[in-house]
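Open the structure in your viewer and keep the sequence at hand. The stops below say what to select next and what is there.

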Amino acid sequence: MTLDEAVEFQLDMFDRTAGYGSLPGDPVRFDCPDVNLDSYSNIIVCMSGGKDSIACLLRLFDMGADRSRIELWHHDVDGREGSTLMDWPFMADYVRQIGLTFDLPVYFSWLEGGFEGEMLKKDAYSRPHHVETPDGLVILERDTSRMKLASRMRFPQQAADLRTRWCSSALKIDVGRRALTAQSRFNGKRVLFVTGERRQESANRARYNQLEPHACDRRAGRTGRHIDAWRPVLHWAEEQVWDAFRRHSVLPPVPYRLGWGRSSCMTCIFNDATIWATIDRYFPHRTRAIADHEIAFGVSISRSGKNVLELAAIGTPMAIVDMDALEQAVMTEYVLPVLCGPDEWAMPPGAMRGAACGAP
């Protein structure tokens, strides 16, 4: 299955099943806040390092999940080939520290060259995927005999269509798909694939099913690979997310401590003028790197048509007061604690900011 076929499969599934799936035994459920975790041999949590993916993990803990079955998967948006264009420098190590804190294995995967390499693709084939497994790193080459030369040479744009917002499809969905299909350890197993979307975030996500077969599910096929996609916090309000953090004494991730309302890439395409102005004040090299690409492409990162420096100029930067978080923001090694004492927990400035970082 190609990436476009996988995306169309998922979108078609949403259209056909929205509002259905309530009958016992039906594999598709629009609402499914609970599942029988003991029925799965593997529980994969897609761990971005943001509040919602961490909330998924805490929800599993609250449900009494067997931790020996849980593994965390993190997709390195910038890859491992030297680019530092998009993501927070510490994010990969932060996820690694989450795994160490809760004694869970963490497996990283990425598209070779990351976001920047894919964006700069010009009359070229897509690059290989790199996938960490329990047996080591696997490099998944592309079958160029079945591919066409293609170009991007522009930033992805804000859209529900994953062919336009290609960062999600090329750097996360497709990477995760190949990580699933490339590992025979999932054949004949029941796998729960957990992601942290919430309906409150957007009108598009409000239509998502909470439980459905994953695009890589082959339960009736030769491999017998049963994969259910489950979104355990899909029905949660943001207040419930932060309550889970408080109850488990998990410190809010650094972006929220700085004032960000979302923890995606630092230089996310959904950033608004306030965030760009804040980045330009505290991390000006990051806005300049985006601006250089905008000049080369003749196309801005924002669908408004304003370039990143224009957006920064019209925005009012946030005043960052958490100096520990500010220092951590430029480090590749995560040195802050993951947990805190029950009396030390505090709501971060970025909580409940909603569209402060742009439409989700």
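## Stop 1: two crossing helices

Select helix α2 (residues 51-62) and helix α6 (residues 238-247): their axes come within 9 Å and cross at roughly 60°. That makes α2 oblique to α6, where angles under 35 degrees count as roughly parallel, over 145 as roughly antiparallel, 65 to 115 as roughly perpendicular and the rest as oblique. The crossing of α2 and α6 is left-handed, a term for a near helix turned anticlockwise from the far one by less than a right angle, with right-handed used if it is clockwise. Axes here are lines fitted to C-alpha atoms, for helices over the stretch in contact, and angles run from 0 to 180 degrees between N-to-C directions. Helices (H or I, at least four residues) and strands (E, at least two) are DSSP runs, numbered from the N terminus.

The model is predicted, so local features need pLDDT of at least 70 and side-chain atom pairs count only at pLDDT 80 or more, while totals for chains, interfaces and linings use all residues. Residues are numbered from 1 along each chain as its sequence is written, and side-chain values use heavy atoms, with hydrogens and water left out.

Now show the side chains between the two helices. On the α2 side, K51, D52, I54, A55, L58 and D62 meet E238, V241, W242, A244, F245 and R247 of α6; contact means heavy atoms within 4.5 Å. The residues of this contact of α2 with α6 divide into 7 nonpolar, no polar and 5 charged. In this division Ala, Val, Leu, Ile, Met, Phe, Trp, Tyr, Cys and Pro count as nonpolar, Asp, Glu, Lys and Arg as charged, and the others, Gly among them, as polar.

## Stop 2: K51

Stay in helix α2 and select K51. Is K51 buried or exposed? K51 counts as buried because its relative accessibility is 4%; buried means under 20% relative accessible area, exposed over 50%, and partly exposed in between (1.4 Å probe, protein chains only). Not counting residues up to four places away in sequence, K51 touches R198, E238, V241, W242, F245, Y256 and G261.

## Stop 3: the sheet

Next, select the strands. They include an open sheet of 8 strands in the order β5-β4-β3-β2-β1-β6-β8-β7, with mixed pairing. The edge strands are β5 (136-140) and β7 (211-213), each of which pairs on one side only. From one strand to the next, the twist averages 25°. Two strands pair if DSSP finds at least two bridges between them.

Strand β1 (residues 42-46) pairs with β6 in the parallel sense over 4 bridges. In β6, L192 is the bridge partner of I43, and F193 is the bridge partner of I44. Strand β8 (residues 226-230) also pairs with β6 in the parallel sense, over 5 bridges. Which residue in β8 is the bridge partner of V191? The partner is I227.

Helix α5 lies across β1, β2 (70-75), β3 (106-111), β4 (129-133), β5, β6 and β8, and runs at about 135° to β2.

## Stop 4: helices α8 and α9

Select helix α8 (residues 273-282) and helix α9 (residues 284-297), whose axes come within 5 Å and cross at roughly 115°. W276, I279, D280, R281 and Y282 in α8 meet P284, R286, T287, R288 and I290 in α9. The residues of the contact of α8 with α9 divide into 5 nonpolar, 1 polar and 4 charged.

Further along, pick H293, also in helix α9. H293 is buried, with a relative accessible area of 12%. Leaving aside neighbours within four places in sequence, H293 is in contact with L85, E116, M119, L120 and F155. H293 and R154 are 139 residues apart in sequence, and their C-alpha atoms are 8.1 Å apart in space.

## Stop 5: two loop residues

Most residues other than glycine have a negative phi. Select D123, in the loop between α4 (114-119) and β4. D123 is not a glycine, yet has a positive phi of about 50°. At 57% relative accessibility, D123 counts as exposed.

Finish at M153, in the loop between β5 and α5. M153 has a positive phi of about 55° although it is not a glycine. Its relative accessibility is 29%, so M153 counts as partly exposed.
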